[in-house]
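Take a look at the chain below before reading on. The report then works through it, one topic at a time.

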Amino acid sequence: MAAWRDERLKTVSSSTVNREWNFLSNASSIVVSEWKWLHENPVKFVKKTPSLKSRERRITEDETNRLLFALGDDYE
C-alpha cells in the first residue's frame with residue numbers, strides 16, 4: 001500500500017491520493033468485516049499523505065453576475 005501511495009503521488013495531488021485512500025480503506029474494511037476474505041485491513045497500517053493547506057477564496061462580483069445570468073435571473 002505504501003508503494004502504491006508513493007507511486008500515485010508522482011502523478012496526482014495528495015488530496016486525490018487521500019480520497020482514493022479513503023475509498024480503499026472502506027472497501028478493505030468491508031472485505032474484512034462482512035466478506036471475511038482478509039483477516040486485517042492492509043490499508044490501516046500505512047500512513048496517509050499530509051493534507052495540503054485549504055484555500056480560502058470568495059466569489060467575485062463578476063462570477064456572481066455570470067452565475068445569476070446562467071440561472072436566468074434578471075439581475076440588472
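Lys36 sits in the loop between α2 and α3. This is a predicted model. Lys36 is not a glycine, yet its phi is positive, at about 60 degrees. Is Lys36 buried or exposed? Lys36 counts as exposed because its relative accessibility is 62%, and the cut-off for exposed is over 50%.

Leu38 belongs to the loop between α2 (14-35) and α3 (61-70) as well. With a relative accessible area of 39%, Leu38 is partly exposed.

## A nonpolar patch and a ring pair

Which residues make the nonpolar surface patch? Trp35, Trp37 and Leu38 do, and the patch covers about 400 Å². Trp37 is exposed, at 65% relative accessible area. Trp35 counts as partly exposed, at 46%.

The whole structure holds two aromatic pairs. One of them joins Trp35 and Trp37.

## The overall fold

The protein chain has three helices and zero strands. From the N terminus on, the order is α-α-α. Along its principal axes, the C-alpha trace spans about 65 × 30 × 20 Å. The radius of gyration of the chain is 20 Å, whereas a compact globule of 76 residues would have one near 11 Å.

How many of the 76 residues are buried? The share is 18%. The chain exposes about 6700 Å², and carbon and sulfur atoms supply 54% of that area. Now take the contacts with a separation of 6 or more: 40% of them come from residues 24 or more positions apart.

## Contacts across the sequence

Asn18 is placed in helix α2. Asn18 counts as buried because its relative accessibility is 8%, and buried means under 20%. Which residues does Asn18 contact, leaving aside its neighbours within four places in sequence? They are Lys48, Thr49, Pro50 and Ser51.

Ala3 is found in helix α1 (residues 2-8). Ala3 counts as exposed, with 59% relative accessibility. Ala3 and Val46 are 43 residues apart in sequence, and their C-alpha atoms are 9.9 Å apart in space.

## Salt bridges

Side chains of opposite charge can pair when their charged atoms come close. A search of the whole structure finds five salt bridges. One of them joins Glu20 and Arg8, at 2.8 Å from N to O. This pair links distant parts of the chain: Glu20 is in helix α2, Arg8 is in helix α1, and twelve residues separate them. Glu20 is partly exposed, at 24% relative accessible area. Arg8 is partly exposed too, at 26%.

Arg5 forms a salt bridge with Asp6, and the closest N and O atoms are 3.0 Å apart. Arg5 counts as buried, at 14% relative accessibility, whereas Asp6 is partly exposed, at 39%. In another salt bridge, Asp62 meets Arg66 at 3.1 Å, N to O. Why are Asp62 and Arg66 separated by about one helical turn? The reason is that they are four residues apart in helix α3. Asp62 is partly exposed, with a relative accessible area of 45%, and Arg66 is exposed, with 52%.

Conventions: Residues are numbered from 1 along each chain as its sequence is written. This is a predicted model: local features need pLDDT of at least 70, side-chain atom pairs count only at pLDDT 80 or more; totals for chains, interfaces and linings use all residues. Side-chain values use heavy atoms; hydrogens and water are left out. Patches are made of residues with over 30% relative accessible area and no salt bridge: like charges are joined within 9 Å, nonpolar side chains (Val, Leu, Ile, Met, Phe, Trp, Tyr) within 5 Å. Accessible areas come from the Shrake-Rupley method with a 1.4 Å probe; for residues, only the protein chains shown count as cover. A salt bridge is a side-chain nitrogen of Lys or Arg within 4 Å of a carboxyl oxygen of Asp or Glu. Helices (H or I, at least four residues) and strands (E, at least two) are DSSP runs, numbered from the N terminus. Buried means under 20% relative accessible area, exposed over 50%, partly exposed in between (1.4 Å probe, protein chains only). The radius of gyration is taken over C-alpha atoms; the globule rule is 2.2 Å times the number of residues to the power 0.38. Contact means heavy atoms within 4.5 Å. Rings of Phe, Tyr and Trp (its six-membered ring) pair if their centres lie within 6.5 Å; planes under 30 degrees apart count as stacked, over 60 as edge-to-face and the rest as tilted.
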